[in-house]
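Me: Could you walk me through reading this one, a feature at a time? I'd like the general idea and then the case at hand.

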Amino acid sequence: MKNEKSGLIVSVSPHIKDAETTERIMWSVSLSLLPAVLMGAYFFGPRAVFTVILSILSAVLSEYIFLKAMKKKVVVLDGSAFLTGLLLGLNLPPSVPFFIPVIGAIVAVIITKQLFGGLGYNIFNPALIGRAFLLVSFPRLMTVWNEPAAAFIHLDARTTATPLGILKEEGVTKLIEVFGDKWNLYSQLLFGHRGGCIGETSVLALLIGAAFLMHKKYITWHIPISFLGTASLIAWIFGGQEGFFTGDPLLHLMTGGLMLGAFFMATDYVTSPSVKNGQILFGTGCGFLTMLIRLKGGYPEGVMFAILIMNCFSPLIDRGFRTKVFGAVKKPEQGAKQ
Amino acid sequence: MISALFRGGIHPPDNKNLSAEKPIATASQPDTVFIPLSQHLGAPCKAVVTPGQEVKKGEQIGEPGGFVSAPVHSSVSGKVAAIGEFPNAMGRMVTSVVIENNGKDEWTILKDTPDFERLSPEELKEKIKIAGIVGMGGAAFPTVIKLSPPKEKPIDTVILNGAECEPYLTADYRLMIEHPDEIILGLEILIKIFGVPRGYIGIEDNKPDAIEKMNQALQGKETIEVVALPAKYPQGAEKMLIKSVTGREIPPRALPMDVKVVVQNVGTARAVFEAVRYGKPLIERVLTVTGGGIHDPRNLFVKVGTLISHLIEECGGLREDAVKVISGGPMMGFALPSPDVPVTKGTSGIVVMSEQEMVHAADFGPCIRCGRCIEICPMGLMPSMLSIYAEKGFYEGAKEYNLFDCFECGSCAFVCPSKRPIVQLVRLAKSMVKP
């Protein structure tokens with residue numbers, strides 16, 4: 001507020017602020033996904049790139065139209081709709097029909113985010129709801145997996161099964177057989193040469209992006225490590241075919257959407273707990289549910305539903321893990337008695 | 001010695017280099033001073049002079065209006081021109097005594113006490129009381145009240161606050177560099193009043209010169225120890241300072257005396273010494289005039305009642321791009337609607353912000369629950385929840401999230417990527433519900 005006489009600005013303290021902005025965080029997270037986009041393009045060709053672009057455009061446009069129609073301030077440049085579209089795109093199979101990303105983005109941005117009050121107020125991760133909606137509505141279209149090819153142009157891509165699909169249906173021996181030997185399997189998973197969603201196949205690309213986010217302190221270890229740690233532990237104990245403690249945690253870590261989910265989706269600020277101790281519980285819950293679905297559920301992959309289910313608990317976890325007030329001896333004092 | 005560092009805190013750019021190397025200079029005499037009768041926490045003073053009356057420098061012009069109050073003295077010699085309502089730095093109208101300065105700087109008779117070391121605690125306190133000394137770090141709480149805790153609350157530690165954790169400000173720093181002996185004598189007086197075995201001086205470790213100077217001045221004195229504190233805002237907040245020096249945490253809504261500690265600012269300690277030794281009332285103080293929006297940042301020795309506009313002129317005037325004048329530091333100070341308000345006993349600095357130093361926060365976004373504010377809140381609160389509740393008008397909800405434990409240090413609003421005015425929202429909520 002400017003004082004009319006003196007021309008001085010009058011505002012409440014503090015009068016200096018950190019340079020970090022919401023916009024910069026959103027665009028940085030988008031940037032951190034660039035390696036995954038590039039690897040998706042490399043393995044699945046222009047069609048995959050187009051799917052991602054279409055998803056981003058649909059998300060941004062949905063947000064723009066909704067805000068205009070509701071006569072709200074148009075804030076599409078904050079980057080959050082872009083990021084939602086990008087994440088949705090990376091979570092789609094490479095050769096889905098073009099209406100798929102459009103419908104998914106509309107569900108993600110308008111229903112999941114805007115109808116709940118816009119940025120900051122949505123309960124569920126928008127991109128994951130978009131994907132869940134598509135998976136439930138178009139189960140067949142959403143489970144057609146292209147065989148990856150290093151060649152950039154491939155007009156009639158052959159289809160394949162995802163490693164997790166093979167693992168679920170035919171077991172680990174068959175999976176190793178498909179990839180030749182065990183080490184070839186691991187290196188292909190690391191590099192990304194396998195069937196799967198556009199952005200989830202290259203573990204290496206995802207780790208590069210995750211390292212960037214951690215270096216920038218945009219995410220901390222709490223959610224991803226507790227998520228991956230719990231999943232590994234359960235995979236090791238219960239994931240084997242020869243009884244307890246014979247499972248292969250590495251195989252489970254590098255397959256499906258676990259890396260993408262743990263570092264880029266479960267860490268979404270809005271839909272995960274804000275308190276660090278609570279984040280550990282949140283990540284642990286995600287890891288547990290993922291493995292429950294993978295090992296006992298009807299779907300080969302459980303990351304998406306695991307994160308969405310844990311999203312429900314975020315507000316509750318934040319309440320339960322409230323920080324200790326300076327000087328308080330026991331639990332923070334409650335002002336109003338229930 | 002560092003017992004336990006407090007949790008959270010931030011590292012804003014301190015910009016102290018603008019004025020850190022400028023020795024304290026005496027500001028030129030103003031033609032007129034506007035001395036508010038309420039410069040402290042507590043009851044305002046009652047004027048004991050009338051318009052037209054001649055007064056000398058150091059003469060009492062306002063007597064305490066209650067138990068928690070402090071007398072006010074003239075900072076110049078001259079004639080009382082008026083007694084009326086004038087704006088203070090917080091924008092409120094307060095009864096003030098306007099004195100035309102005759103420029104002669106004639107002191108009233110002060111009681112010199114060269115053998116002050118023989119005075120009893122009660123005699124020492126009386127001298128501090130009549131000198132009108134209040135906390136000079138900003139809160140301006142009458143010092144004598146702090147020195148008189150109830151019998152059931154014994155004190156075992158006195159801490160001087162030389163942290164000066166507010167960015168930009170260098171007044172306490174200069175004071176420690178230039179007058180370490182007087183600060184120590186002041187602390188020794190405080191130690192004597194409480195009869196405690198030890199006193200500490202807490203200084204942030206980004207001021208190594210000040211730590212060295214104080215240590216030099218302390219040679220041979222076993223009862224006082226300098227504690228180098230990690231530079232981290234708000235290290236100088238009373239609760240954080242006590243935690244860092246003694247490891248004790250003040251419970252919610254309790255006072256330092258509840259953990260047997262009294263904290264005084266280094267400037268206050270010097271004022272205590274001068275009051276006891278020379279009988280000098282608190283009518284002048286050191287403050288920093290600084291910021292990117294002023295031509296010549298300086299540390300000045302200033303008479304209480306001098307208009308801030310006078311000091312700005314003294315420092316070369318405002319630059320073209322000056323947009324904001326703050327009384328106090330940039331983290332907790334008040335933005336002035338006009339610089340024509342007086343310096344008071346609690347004014348620790350004037351920061352003039354330039355356009356480039358500002359992050360315009362007229363436009364703020366929704367809370368994205370990134371949790372940064374929760375991580376850095378030194379009080380262990382959840383500022384995000386306070387701001388969301390206050391924004392939506394659910395003030396009771398904010399109260400449930402320990403609204404009243406917030407002392408408005410501003411760290412949360414500093415780190416918020418959505419530039420939410422969290423302190424403003426907290427103040428709004430505080431005004432809407434009972435504690």
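Me: Let's start with B:Cys367: buried or exposed?

Reply: Buried means under 20% relative accessible area, exposed means over 50%, and partly exposed is in between, with a 1.4 Å probe and protein chains only. B:Cys367 has a relative accessible area of 8%, so it is buried. Keep in mind that this is a predicted model, where local features need pLDDT of at least 70, side-chain atom pairs count only at pLDDT 80 or more, and totals for chains, interfaces and linings use all residues. Side-chain values use heavy atoms, with hydrogens and water left out, residues are numbered from 1 along each chain as its sequence is written, and chains are lettered from A and ligands numbered from 1 in the order in which they are written.

Me: How many disulfides are there over all chains?

Reply: A disulfide is a covalent bond between the sulfur atoms of two cysteines. The rule used here asks for a pair of cysteine sulfur atoms within 2.5 Å. By that rule the count over all chains is zero. For B:Cys367, the nearest cysteine sulfur is that of B:Cys373, 6.3 Å away, and B:Cys367 is in no disulfide. B:Cys165 is in no disulfide either; its nearest cysteine sulfur, on B:Cys409, is 8.8 Å away. B:Cys165 is also buried, at 14% relative accessible area.

Me: What does the secondary structure of chain B come to?

Reply: Helices (H or I, at least four residues) and strands (E, at least two) are DSSP runs, numbered from the N terminus. Chain B has 13 helices and 17 strands. Its radius of gyration is 21 Å, close to the 22 Å from the globule rule for 435 residues, so chain B is as compact as a globular protein of that length. That radius is taken over C-alpha atoms, and the rule is 2.2 Å times the number of residues to the power 0.38. Along the principal axes, the C-alpha atoms of chain B fill a box of roughly 60 × 50 × 45 Å, and 60% of the 435 residues count as buried.

Me: And what does chain A come to in helices and strands?

Reply: Chain A has 14 helices and two strands. The C-alpha trace of chain A spans about 80 × 50 × 35 Å along its principal axes. Buried residues make up 54% of the chain A total of 338.

Me: How far apart are the mean positions of the positive and negative charges of chain A?

Reply: Lys and Arg count as positive, Asp and Glu as negative, while His and the chain ends are not counted. Each charge is placed at NZ of Lys, CZ of Arg, CG of Asp or CD of Glu. In chain A, the mean positions of 28 positive and 19 negative charges are 11 Å apart. In chain B, the centres of 47 positive and 51 negative side chains lie 5 Å apart.

Me: Where does A:Lys2 sit?

Reply: A:Lys2 is in the segment before helix H1 (22–32) of chain A, and it is exposed at 56% relative accessible area. Contact means heavy atoms within 4.5 Å. Not counting residues up to four places away in sequence, A:Lys2 touches A:Gly7, A:Leu8 and A:Ile9.
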